[in-house]
Amino acid sequence: MSRQRSMEKILASEFVSIGELVRLSGCRYSTLKFYTEEGMLPFKQEQENLTRRFPREEALLKIKEIQDLKKQGLSIPEIKERLVEK
């Protein structure tokens, strides 16, 4: 298991891990993993070690957008549809 990066290094990075995204967004790991599996949260995957790396700024904006749509009462399928429309 690797050592956690400092928040300063995370904020300076273009890409972050899902664990770092949890720290930045305050969302639960299982929630972010669900969003990823449903194709709602984009990521890049290194071919050799299979580590998913999320573009920090884009991912945080997407999480905020999903949370805003959830607050409006939209279901997951409706949110996915809205995200595709963009």
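Student: Why is F43 called partly exposed?

Tutor: This is a predicted model, and its values are computed. F43 has a relative accessible area of 29%.

Student: What makes F54 buried?

Tutor: Its relative accessible area is 0%. Buried means under 20%, so F54 counts as buried.

Student: How do you know that F43 and F54 form an aromatic pair, and why is the pair called tilted?

Tutor: The centres of F43 and F54 are 5.9 Å apart, and rings pair if their centres lie within 6.5 Å. The planes of F43 and F54 make an angle of 55 degrees. Stacked needs under 30 degrees and edge-to-face over 60, so the pair is tilted.

Student: Which parts does the pair tie together?

Tutor: F43 is in the loop between α3 (29-37) and β2 (44-45), whereas F54 is in strand β3 (residues 52-55), so the parts joined are 11 residues apart in sequence.

Student: What makes R52 count as lying over the face of F43?

Tutor: R52 is placed at 4.7 Å from the ring centre of F43. The distance cut-off is 6 Å, so R52 meets it.

Student: Which elements each supply at least two residues of the lining of the second largest pocket?

Tutor: They are α3 and β3. The largest share, 3 residues, comes from α3. R52 and F54 are among the lining residues.

Key
Residues numbered from 1 in each chain as written. Predicted model: local features only at pLDDT ≥ 70, side-chain atom pairs only at ≥ 80, totals over all residues. Heavy atoms only, no water. Phe/Tyr/Trp six-rings, centres within 6.5 Å; stacked < 30°, edge-to-face > 60°. Helix = DSSP H or I, 4+ residues; strand = E, 2+ residues; numbered from the N terminus. Buried < 20%, exposed > 50% of the residue type's maximum accessible area, 1.4 Å probe, protein only. Lys NZ or Arg CZ within 6 Å of the ring centre and 35° of its normal. 1 Å grid on protein atoms, 1.4 Å probe; cavity = no way out; pocket = protein on both sides within 12 Å on 5 of 7 lines; lining within 4 Å.
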